[in-house]
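Have a look at the sequence and the fold, and then read on.

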Amino acid sequence: MSKYHVNGIRDDSNIKEFSTLDAATQNLILAAIEARKSAYCPYSNFAVGAAIRTFDDSIYTGCNIENGAFTAGICAERTAAAKAVSDGKREFVACAVVALQDGLFTTPCGVCRQFLIEFAKKDFPLYVTKSDLPPYRVLCTSIGELLPKRFSLT
């Protein structure tokens with residue numbers, strides 16, 4: 001497999017072909033791709049979709065929702081997480097994030113990383129890909145890898 005630049009770092013060991021992923025992971029990614037279609041992003045035109053799998057195998061999806069008062073917007077990952085938590089699901093086991101950014105995989109922002117890890121009983125996989133169908137390349141990482149020194153009150 002040839003090497004690609006991912007977020008400025010040469011990285012090929014964490015990049016997998018979509019077709020090689022198990023069916024549950026593919027379904028999670030496809031749910032995020034579908035969620036991206038509902039993004040409300042009239043200011044940036046940067047649509048993002050996310051899907052979170054909870055401990056009971058439920059999938060919650062979310063999209064980014066922008067606002068004219070920029071800080072009032074919410075990222076796709078936190079939208080999906082808020083939907084899960086409001087349904088009483090407070091243990092996440094996997095997450096997929098989908099966006100279309102040339103040359104880069106769009107990983108969760110710092111706020112979303114902290115928000116997601118709050119609901120991680122243990123490290124969980126995070127799959128990041130672009131929005132093309134079918135997605136071909138997937139960055140396979142984990143929430144702990146993206147946020148190794150989490151903030152915690154406990």
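## Helix 2 and its neighbours

In this predicted model, the buried residues of helix 2 pack against strand 4 (48-54), strand 5, strand 6 (92-99) and helix 3. Helices (H or I, at least four residues) and strands (E, at least two) are DSSP runs, numbered from the N terminus, and contact means heavy atoms within 4.5 Å.

Helix 2 is mostly covered, with eight of its eleven residues buried; buried means under 20% relative accessible area, exposed over 50%, and partly exposed in between (1.4 Å probe, protein chains only). Among the buried ones are Glu77, Arg78 and Thr79. Just after helix 2, Gly88 takes a positive phi of about 85°.

## The annotated cysteines

The unreviewed UniProt entry annotates Cys75, Cys109 and Cys112 as "binding site". UniProt positions follow the numbering used here, feature names are shortened, and annotations may be inferred rather than shown by experiment.

Where does Cys75 sit? Its place is in the loop between strand 5 (59-63) and helix 2 (76-86). Cys75 is partly exposed, at 23% relative accessible area, and it touches Cys63, Asn64, Cys109 and Cys112, leaving aside residues up to four places away in sequence. Cys112, in helix 3 (residues 110-117), is buried at 0%. With the same exclusion of residues up to four places away in sequence, Cys112 touches Cys75, Glu77 and Arg78.

## Reading the numbers

Residues are numbered from 1 along each chain as its sequence is written. Local features need pLDDT of at least 70, side-chain atom pairs count only at pLDDT 80 or more, totals for chains, interfaces and linings use all residues, and side-chain values use heavy atoms, with hydrogens and water left out.
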